[in-house]
Amino acid sequence: MLQIIDHIPAGLATVAQSDLGTLFNGPTLMHLEGRKPERLFVAVLQHGNEDVGLRAVQNLLIRYRDRELPRSLSVFFANIEAARLNQRRLPHQPDYNRVWPGGESEPCPESDMMRKVVETMSRGPLFASVDLHNNIGLNPHYACINRTDHRFLQLATLFSRTVVYFTQPRGVQSLAFAALCPAVTLECGQAGNEHGIDHATEFLDACLHLESIPEHPVHDRDIDLFHTTAVVKVHAQARLGIGNEDGDIVLIHDLEFFNFRELQPGTVFGTVKTGRDDSLLVIDDRGRNRVEDYFEVENSQLRLRRTVMPSMLTVNKTAIRQDCLCYFMERWPLTKSD
Ligand SMILES: [Zn+2]
């Protein structure tokens, strides 16, 4: 399944995401040599409808067209098949960013492929690992880490002062690479947004130039660190409506304005038909459904029961069904260890 190449295919710097399949015969790991041998690993298009990674890598290829790369670079072009149709994943595929080593999914061709990517990359010196994503709702640009090690925090704050530390879901790329080198997942706003692409490009270029990642602590005035405590999903059997639509659960249409805002108890998320809150699941880090700790239903209104800060909150039904409604987070003190 995995193709490994050591050159830049003609046309890669300008090809549209939907046409990548004309250059690559499936998921492809591309190794390029640069001046410094400790390699930067970059994952793009793990979700086929998120263009920021490909566009940022294309910017680098253009920038270094006639120059030596400051450091060696390996790019993993992941879900080429879903990218052709601008989908997160295709119906027959697993979510590519849930099947990396350390995950809990059943073995499949895609998980074998991810293991091969990790094995291949672990053979040489690694500088850092960067996985590039877009998201659907209104979110700031932020970096995610799976370890609160100083170097991980330093790499994350090179991108944004907003940093999210998470340990669930497992099976994500950054968690698999966290054992090898500082690893971040970058959330660069919505797909197609030029500011997100520019931001990702400058971050990657900085990683190519940096001599080393500082090992000293990040000052608390330079970081807003959050920890995800739960993922919120809509029950697969529940009919989902948005705004004025009908459904077992109907979410208010502008929910995404709640992202990265501290919400007070009583905040209304929508209405539920049955008068019960079993249309939603709030799964904590230990896999327990804690919906009753987080939500209550009063006069059919679905209200928060406690203070939370959501991220990735969206009213895009495909995104909700394929991924989740949102994550809930809390502030994480810098001094706390993981
Ligand atoms: Zn993504």
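Which domains does the domain assignment of the protein chain give? I looked this up before anything else. The assignment gives domain 1 (3-222) and domain 2 (229-331). I note that the model is predicted.

**Entry: the two domains**

I took the centres over C-alpha atoms and found that 29 Å separate domain 1 from domain 2. I then looked up the contacts: 11 residues of domain 1 touch 14 residues of domain 2. On the side of domain 1 that touches domain 2, I sorted the residues into 4 nonpolar, 5 polar and 2 charged.

**Entry: helix α1**

I checked the length of helix α1, residues 52-63. At 1.5 Å a residue, its 12 residues should span 16 Å, and the end C-alpha atoms are 16 Å apart, so the two values agree.

Which residues of α1 are buried? I listed Val-52, Gly-53, Leu-54, Arg-55, Ala-56, Val-57 and Leu-60. I also looked up what covers them, and the cover includes β3 (34-44), β4 (69-77), β5 (126-133) and α6.

**Entry: Glu-194**

I turned to Glu-194, which is found in helix α6 (residues 194-209). Is Glu-194 buried or exposed? I counted 10 C-beta neighbours inside 10 Å. The cut-off for exposed is 12 or fewer, so Glu-194 counts as exposed.

I also looked up its separation from Ala-56, one of the buried residues of α1. Glu-194 and Ala-56 are 138 residues apart along the chain, yet their C-alpha atoms are separated by 9.9 Å.

**Entry: helix α4**

How many of the 10 residues of helix α4 (residues 150-159) are buried? I found 7, so the helix is largely enclosed by the rest of the structure. The buried residues are Phe-152, Leu-153, Gln-154, Leu-155, Ala-156, Thr-157 and Phe-159. Their cover includes β5, β6 (142-145), β7 (162-165), β8 (183-187) and α6.

**Entry: a sheet of 5 strands**

I traced an open sheet with the strand order β10-β11-β12-β15-β14 and mixed pairing. Which strands are at the edges? They are β10 (240-242) and β14 (295-298), each of which pairs on one side only. From one strand to the next, the twist averages 30 degrees.

I reminded myself that strands of a sheet pair through backbone hydrogen bonds, either parallel or antiparallel. I then looked at one pair in this sheet. Strand β11 (residues 249-251) and strand β12 (residues 268-272) run antiparallel and are joined by 3 bridges. Val-250 has Thr-271 in β12 as its bridge partner.

**Entry: backbone details in loops**

I looked up a cis peptide bond and found one joining Gln-168 and Pro-169, with omega about 0 degrees. Pro-169 is found in the loop between β7 and α5 (173-177).

Next I noted two residues with positive phi. Ser-300 has a phi of about 70 degrees although it is not a glycine. Ser-300 is placed in the loop between β14 and β15 (301-304). With 13 other C-beta atoms within 10 Å, Ser-300 is partly exposed.

Met-312 is not a glycine either, and its phi is positive at about 60 degrees. Its place is in the loop between β16 (309-311) and α8 (317-322). Is Met-312 buried or exposed? I counted 24 other C-beta atoms within 10 Å, and the cut-off is 20 or more, so Met-312 is buried.

Note on methods. Residues are numbered from 1 along each chain as its sequence is written. This is a predicted model: local features need pLDDT of at least 70, side-chain atom pairs count only at pLDDT 80 or more; totals for chains, interfaces and linings use all residues. Helices (H or I, at least four residues) and strands (E, at least two) are DSSP runs, numbered from the N terminus. Two strands pair if DSSP finds at least two bridges between them. Axes are lines fitted to C-alpha atoms, for helices over the stretch in contact, and angles run from 0 to 180 degrees between N-to-C directions. The expected span of a helix is 1.5 Å times one less than its number of residues. Two residues are in contact if their C-beta atoms, placed from the backbone, lie within 7 Å. Domain bounds come from an automatic or database domain assignment. Ala, Val, Leu, Ile, Met, Phe, Trp, Tyr, Cys and Pro count as nonpolar, Asp, Glu, Lys and Arg as charged, and the others, Gly among them, as polar.
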